[in-house]
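Please keep the structure open while you read.

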Amino acid sequence: MIRSALHRSRASLVALSLAATAVLAGGVWHYAYLQALDSVVARGESDLALASDRLVTQLQRFREFAVLTAEHPAIAALHDSGPRAAADAMLLHASDRIGAVSAVYVDTAGRVLATSGQASPANIPTGPYFIRAMTGALGVSHGPGPGDTARAFYFAAPGFGPDGKVRGALIVAVDIAGLEQAWRGSLPTVFFTDAGGEVFVTNRSELLYWRRLGPTEVLSPDGQARRIEVQAPGGHVVWLQRWSPYIPARALRLEADLPVIGMTGVLLMDVSPARRLAALQAAIVAAGVVFFGALLWLALERRRALAEVNAVLEDRVSARTRALEQTNVALRREVEERQEAEAALKRAQAELVQAGKLTALGKMSAGISHELNQPLMAIRSFAENGKAFLDRDRPEKAAENLGRISDMAHRMGRIIKNLRAFARAEPGPATPVNLSGVVDSALEVLQLRIEKSGVAVEWERPEARPMVMGGEVRLGQVVVNLLSNAMDAMAECDTRRIVVRVARDDAAGTVRLSVEDTGPGISEPDRIFDPFYSTKEVGAEEGMGLGLSISYGIVEGFGGRLRGENTGQGARFTMELRQAGDAT
C-alpha cells in the first residue's frame, strides 16, 4: 500500500512538472511571437510604403501630363476654330511618349474635340472624373478602360477660357495592368482597394475584383462569400483564411490610406516565419527545463534510494553494534578535541597576522616620530626668529618666518595624516581610488627609511591619474609592504634601486602597478605568497612571513591579482587592478 501510494505521488509530481513546463513554454512562445511580429510589422510597413509610393509616383506623371497639356496652345486653338489635326497629332505624340492608353479633349457637353487616335473612354458625360472637371477641379477616377484595356485610371484636367470659365477637359486614361507589370511578385501580397472595398490594383492578379463585405467576410468575383478569421495578437491584425492558395493562410494585415488616388493600400505578410521562430525558442526553453528537471529528478531519486539503503543499514548496525556505543562516544570526544585544537590554531594564526600588522605599524610610527622632530625644531627656531623680528620692528621678516612655520606644520599634518590612514581599518566595498596618490602616500610614509637605506627610488608617475577599484588605506598597506620588502631584499646589495611604474591595459580594462628591485630575486616563486613563508633569518624582527600573504588577500579581495617573478637583475612584483575611469 505504501509503495503504491509513493508511485502515485511520483506520477502526480511528474504530471504537474510537465504541465508547468508546458505553461512556461506557452508563455515563452507567446512572448517570442509578439516580439517577432513587431519585426514583421516594421518590415511590412516598409514594404507597404514602398509599394504605395511606387503606385502614386507612377500615376503622378499622368496627372501632371493632364494638367499641363490641358493648356497647350493646340488645345486652346480648338475653341477658335483651329485645326483639329494639329491637336490630334500633339495628343498622339505626347500619349505615346508618356505611355497613356488614350488622351481625349472634350467640350463641356462631353463631345470629343481632339483625340490621340486610340479608343476613347465610354460614357464620358456621366463619368465622375468628367463631372468633377467641369467644376474646375482635377477629376480622378478608375474603372473599365477604353477599347481592350480592362482596367484604367482616369485623370480629367479642366481647360479654362479667357473669361476663367471651364470650356473643356483633357481626359487621360492609364492602363493599370501595364503599371503592375513592373512590380508584380516583387513584394509580399499587396493590393489597393477603392472606397467600396474592391481590389482594383494588386501584385497578385488572382485577387482582382475581390470585395470586402465586412471585418470577417469577403466576396469573390464569382459572387461567393468567404469567411475570414481575425486575430489581434499584441494589437496587430492577423487574417486566417483557407479560401485562396495565393495569399498566406495566416497573414499579418497592414493598411495605409492613399487620399491622393482615393484608394487604400493593404499588405498581407506571412507570419509563419515568426511562428516558427517563436516555436523554436519555446522548444529550446522546454527542452532545457525538461533536461534540468530530469537531472533534478534523477538526483532526487538517487538520494531517495540512498536514503532507503542507509535506513536499512542503520537499522542493522544499530541492532548489531550496540556494544560500540562507548567507542563512538570516545571518538566523538576526540573529534571535539581536534575541532577545539583546530579553532585554537586558527585563533593563533589570526593573532600572528595581527601581530605582524602591529609590528609594521610600530616600525613605521617610530620612523615617522623621528621624522617629525626636524619640522618641530624648525618651527621652534622660526618662532623665536619671528619674535625677535617683531621686537626689532621688522614685520616682513616675521611674516616670512610665520609662513615657514605654516609650511612645516602642513608637512607634519600630511605625515600624521598618512600614518593615521595607514593604521586605520578600512572595511567596506571597493571604490574608485587614485593609484598615483596611493604610491605618493606610501613613499612619503617610507621617506625616512628610504633615505637611511640609501635606496634610489625611480617613481615613473603618469600624467593622468590612474583610477582603480579598491580601498585607499588597504592599497597603501600593499604598496608599503612591497616597497619595504624590496628594501629588505637589497640590504646587502651594492646597487639598491627600486623602479615603480604604472601601466594601463584598456583592452583588458586593468591598471598594473609594478615594483622592481635590484636584489637577489625570489628563491621559491611558487611559495612566495604562502602564510609564514619568509626568506629572512629565523628570529628576525620582520621575518614572520605574513606581509605578502596579507597583501595577496587584499588585492584578491578587490578583484585583482598580485604576482611575483624574477627579472634576471632582481625581483618584480606586479599588482593588477580593475580600472575605474581616468581623470586628468
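The points below cover the cores, then the strands.

1. The model is predicted: local features need pLDDT of at least 70, side-chain atom pairs count only at pLDDT 80 or more, and totals for chains, interfaces and linings use all residues. Residues are numbered from 1 along each chain as its sequence is written, and side-chain values use heavy atoms, leaving out hydrogens and water.

2. Start with the largest nonpolar core, which has 53 residues. A nonpolar core here is a set of buried Ala, Val, Leu, Ile, Met, Phe, Trp, Tyr and Cys residues joined through side-chain atoms within 4.5 Å; buried means under 20% relative accessible area (1.4 Å probe, protein chains only). L59, F62, F153, F192, V201, L252 and I261 touch the most other members. Helix α1 (residues 2-69) gives the largest share, 14 residues. Helices are DSSP runs of H or I, at least four residues, and strands are runs of E, at least two, numbered from the N terminus.

3. Look at V201. Leaving aside neighbours within four places in sequence, its contacts (heavy atoms within 4.5 Å) include L55, W183, F192 and M263. A second, separate core has 39 residues, among them V468, A486, C493 and I522.

4. Strands β8, β9 and β10 form an open antiparallel sheet in that order. Two strands pair if DSSP finds at least two bridges between them. The edge strands are β8 (211-214) and β10 (225-227). E217 stands opposite R227 in β10.

5. Strands β13 (residues 250-258) and β12 (residues 238-240) pair antiparallel over 3 bridges. β13 also joins β14 (residues 263-270) through 8 antiparallel bridges. L254 has L267 as its bridge partner in β14. In the β13 and β14 hairpin, 4 residues lie between the strands, and G262 takes a positive phi near 70°.

How values were computed
Buried < 20%, exposed > 50% of the residue type's maximum accessible area, 1.4 Å probe, protein only.
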